[in-house]
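Hi,

Here is the structure I said I'd pass on.

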Amino acid sequence: MEEMEVTKQWVLKHFIELISQQEIRDSRLAVRFHEEMRKLEEEFGSPLHLTLSEIHLVACIGDYSPINVTTIAEKTQLTKGSITRISKRLLELDLIKRQQINENKKEVYYSLTAAGQKIHSIHHRIHGKIEQRFLSFLDQYTPEQLAFARKFMKDLIEWDY
């Protein structure tokens, strides 16, 4: 039974390491994205200084346009207040536009402008590269190992620490 405890401690240690590495990986993603953004800013003629939340909001709107605040909140897991605040900035930057469908004054829908579509495209391309690298990484495992990993990840996501 001692071997089982050693293995569990190893898994715990590396789980904590994985969580801490996520910050580093997020930083690398941000660097890659900002390199692409610099190119886009040259086209704009001015810096955009977008946060990851703003970028992900552009991505969500691009993926599901036209989309309202409630649906954006469901898809991004941001609060409606955050979405309203972020969307104001994106409107000022002319990355998104708002519209009302069927003359319903309360219901506001968002879609991307041409500039927003460029950012959406950059975001989609970067995520595509990351996804492809991850899928290639998984090629080293057998179907049985992947089935275990799937169950483990599902259980880990549902577990409340």
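Below is what I found in it, grouped by region.

First, the ground rules: this is a predicted model, in which local features need pLDDT of at least 70 and side-chain atom pairs count only at pLDDT 80 or more, while totals for chains, interfaces and linings use all residues. Residues are numbered from 1 along each chain as its sequence is written, and side-chain values use heavy atoms, with hydrogens and water left out.

Let's start with the aromatics. A search of the whole structure turns up four aromatic pairs. Phe-134 and Phe-137 are one of them: their ring centres are 6.0 Å apart and their planes are at 40 degrees, so this pair is tilted. (Rings of Phe, Tyr and Trp, the last by its six-membered ring, pair if their centres lie within 6.5 Å; planes under 30 degrees apart are stacked, over 60 edge-to-face, and the rest tilted.) Both residues belong to helix H5 (residues 114-138), three residues apart, or about one turn of the helix. Helices here are DSSP runs of H or I with at least four residues, strands are runs of E with at least two, and both are numbered from the N terminus. An α-helix has 3.6 residues a turn, so residues three or four places apart point the same way. Phe-134 is partly exposed at a relative accessible area of 47%, and Phe-137 is partly exposed too, at 42%. (Buried means under 20% relative accessible area, exposed over 50%, and partly exposed in between, using a 1.4 Å probe and protein chains only.) Together with Tyr-141, these two Phe residues form one aromatic cluster.

Helix H6 (residues 143-158) has a pair as well: Phe-148 and Phe-152, four residues apart, about one turn of the helix. The ring centres of Phe-148 and Phe-152 are 6.0 Å apart with the planes at 20 degrees, so that pair is stacked. Phe-148 is exposed at 56% relative accessibility, whereas Phe-152 is partly exposed at 35%.

Next, helix H2 (residues 52-64). At 1.5 Å a residue, its 13 residues should span 18 Å, and the end C-alpha atoms are 18 Å apart, which agrees. The expected span is 1.5 Å times one less than the number of residues. The buried residues of H2 are Glu-54, Ile-55, Leu-57, Val-58, Ala-59, Cys-60 and Ile-61. The charged end of Lys-75 sits over the ring of Tyr-64, 4.3 Å from the ring centre; the test is NZ of Lys or CZ of Arg within 6 Å of the ring centre and within 35 degrees of the ring normal.

Then there's the sheet: three strands, open, in the order S1-S3-S2, with antiparallel pairing. S1 (67-68) and S2 (96-99) are at the edges with a single partner strand each, so one side of each has no neighbour in the sheet. Strands pair if DSSP finds at least two bridges between them. S2 and S3 (residues 109-112) pair over four bridges, with Gln-99 opposite Tyr-109 and Lys-97 partnered by Ser-111. S1 and S3 pair over two bridges, and Asn-68 has Tyr-109 as its bridge partner in S3.

Finally, some backbone details. Most residues other than glycine have a negative phi, and most peptide bonds are trans. Here, a cis peptide bond joins Ser-65 and Pro-66, with omega about -10 degrees, and Pro-66 is in the loop between H2 and S1. Gln-77, not a glycine, has a positive phi of about 60 degrees; this residue is exposed at 74% relative accessibility. Asp-94 also has a positive phi of about 60 degrees, and lies in the loop between H4 and S2.

Cheers
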